[in-house]
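Subject: Structure handover

Dear colleague,

Please find the structure below, followed by my notes on it.

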Amino acid sequence: METQPLLPSRGVSRSRLALLKTAVVSVVLVAAIAALLSYSGSLWRSRSVHSPVRGPSFDGDGRPGRLPVMGYNTWNAYYCDINEDKILKTARLMKSLGLLDLGYNYVNVDDCYSEKQRNSNGDIVEDPEKFPSGMRTLTDKIHDMGFKAGIYSDSGWFTCQIYPGSFQNEDRDIKLFRDNWNFDLLKYDNCAIPFDNVIKEGMVGKFQRMADAIDNLSKNTGRPPILFSLCQWGEEQPWLWAKKISQTWRTTEDIGANWRSVMDILNRNSFITWANDFYSHNDMDMLEVGNGELSYEEAKTHFTAWALLKSPLLVGTDLPSASEETLSILKNEEIIAINQDPVVGASISPFRWGINPDWTYNATHPAQFWSGESENGTVIMLLNTLDEPADLTFNLTESPWLRAGRQYSVRDLWTHTDNDTAVRTFTAHAVPAHGVVALLLRDAGDEPEGLWPPCMRLNWCMAENGTRYDGRDFMEL
Ligand code: GAL
């Protein structure tokens, strides 16, 4: 039987061709109108007051927060003991130590910068003793050095140290922070939540108030919105909703400068890595590298995990007294490159938990075997959560990003060396207690001929004729 040609044959009449053209044009037109209608519908829906969460309207150039924020934040090093001299000194060091050039381009002021009361106009006022030159002078100087600047407020009545919060003052405060003081980032905390009969909002609505204020100010001024960094400690699952109103959100309680806290945060984040992408970052809290009880190996692990999970990287140590070791960790360019990958926004995720069964919650032994994509190859992170050295082995095809039947060149992102080629499996030998291994695997062609068994996943693979790799017929099993 002859098959009907799908396209008109050469000999088709002019009138049939014209008919066909009209039909095609009509279909295209109808499709375009339908697309337009559905787009405007979704636009309307996203702005509607009935919508539970509404997205920022500024999608043009200059929309901030595509990549994880990098920079400095005052809290972990100084808590409330901050002033303009300390902050400017820190900024100068961030620059002279080469951190700005590596991408640490925000200098952020945390809690305790203001007076305890608003002034008679209702505005927040910077503490004249801590900031005698005023906030605008501070941000001017920070900007002149090549940084952006960040400020802090709270979605409730007060900040966590009982300075004025922004609840019911959202429009006024964002104008002050953005227009008058010229900050580029707002960290927005979760303390002193108003009583239910006052707020009549859930967690989302409480943060939406400031998101709307940011959005309106941006629309009115034509300036890109301030980068909105929620500090909601991971209660009410911000990874489910915060991306609609902000670019980054804390996922856990405050970090401590100790191994237990670092592991606890990593464990919690191992289950929500899917939420990370461009403009959308799980914030595992500010770095403790250089602080407290963290050993060199532990600090390396902490930094690697935060970077590869695409968390913001905010230095939080006293830079004038930072050791060479501390700086060498913060300045690992190959690790930073994964965090700031311009092509792949997703984070690494576990492919095997290791000590405890897959998908189980363990604050001491979080997942040990992780992988993800990057611009330059597959990223692998191996973690030794034990108190003694350990070998860590994995089969390449355990990672969804590595191909069967191929071999891979192995780049070590801490020793900065190209190690051997990995065929089928890879073992990191004698990983120190609480240590980390970070690798970049690149395709290096077909694996050698004649390897046995012929497949790494033995349970379902078989030959074309239906026999299993060991010659047994599948039906006999
Ligand atoms: C906490 C927040 C910390 C810090 C502190 C300031 O709620 O998680 O990162 O900002 O408030 O009081």
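Phe-131 sits in the loop that runs between β2 (106-108) and α4 (135-144); helices (H or I, at least four residues) and strands (E, at least two) are DSSP runs, numbered from the N terminus. The model is predicted: local features need pLDDT of at least 70, side-chain atom pairs count only at pLDDT 80 or more, and totals for chains, interfaces and linings use all residues. Residue numbers start from 1 along each chain as its sequence is written.

Phe-131 counts as buried because it has 21 C-beta neighbours inside 10 Å. The term buried requires 20 or more other C-beta atoms within 10 Å of the residue's own, exposed means 12 or fewer, and partly exposed lies in between, with C-beta atoms placed from the backbone. Leaving aside neighbours within four places in sequence, Phe-131 is in contact with Asn-83, Glu-84, Tyr-113, Glu-126 and Leu-138, where contact means C-beta atoms, placed from the backbone, within 7 Å. Tyr-113 is 18 residues from Phe-131 along the chain, and their C-alpha atoms are 7.7 Å apart.

The loop between β2 and α4 also holds Cys-112. Its phi is positive, near 85°, in a residue other than glycine. Cys-112 is buried, as 21 other C-beta atoms lie within 10 Å.

On the ligand: the residues around it are Trp-75, Asp-110, Asp-111, Thr-159, Cys-160, Gln-161, Asp-189, Cys-191, Cys-231 and Asp-254, each with its C-beta atom, placed from the backbone, within 6 Å of the molecule. This shell divides into four nonpolar, two polar and four charged residues. Here Ala, Val, Leu, Ile, Met, Phe, Trp, Tyr, Cys and Pro count as nonpolar, Asp, Glu, Lys and Arg as charged, and the others, Gly among them, as polar.

For the chain overall, there are twelve helices and 16 strands. Of its 477 residues, 41% count as buried. Among contacts between residues at least 6 apart in sequence, 71% join residues at least 24 apart.

The largest nonpolar core has 103 residues, of which Val-107, Ile-226, Phe-228, Phe-303, Leu-308, Met-381 and Leu-382 touch the most other members. This core draws at least three residues from each of domain 1 (70-339) and domain 2 (349-446); the bounds come from an automatic or database domain assignment. A nonpolar core is a set of buried Ala, Val, Leu, Ile, Met, Phe, Trp, Tyr and Cys residues joined through C-beta atoms within 7 Å. Beyond four places in sequence, Phe-228 is in contact with Leu-186, Tyr-188, Ala-211, Ile-214, Ile-245, Ser-246 and Gln-247.

Helix α9 (residues 259-269) is largely enclosed by the rest of the structure, because eight of its eleven residues are buried. Those buried include Trp-259, Met-263 and Asn-269. The cover over the buried residues of α9 includes β7 (281-283) and α10 (296-308).

Strands β13 (residues 406-412) and β14 (residues 417-423) pair in the antiparallel sense over five bridges; pairing takes at least two bridges found by DSSP. Arg-411 stands opposite Asp-418 in β14. The hairpin has four residues between the strands, and His-416 takes a positive phi near 60° there. With 10 C-beta neighbours inside 10 Å, His-416 counts as exposed.

Lastly, the peptide bond from Trp-452 to Pro-453 is cis, with omega near 0°. Pro-453 belongs to the segment after β16 (436-446).

Regards

Definitions and conventions:
Contact = placed C-beta atoms within 7 Å.
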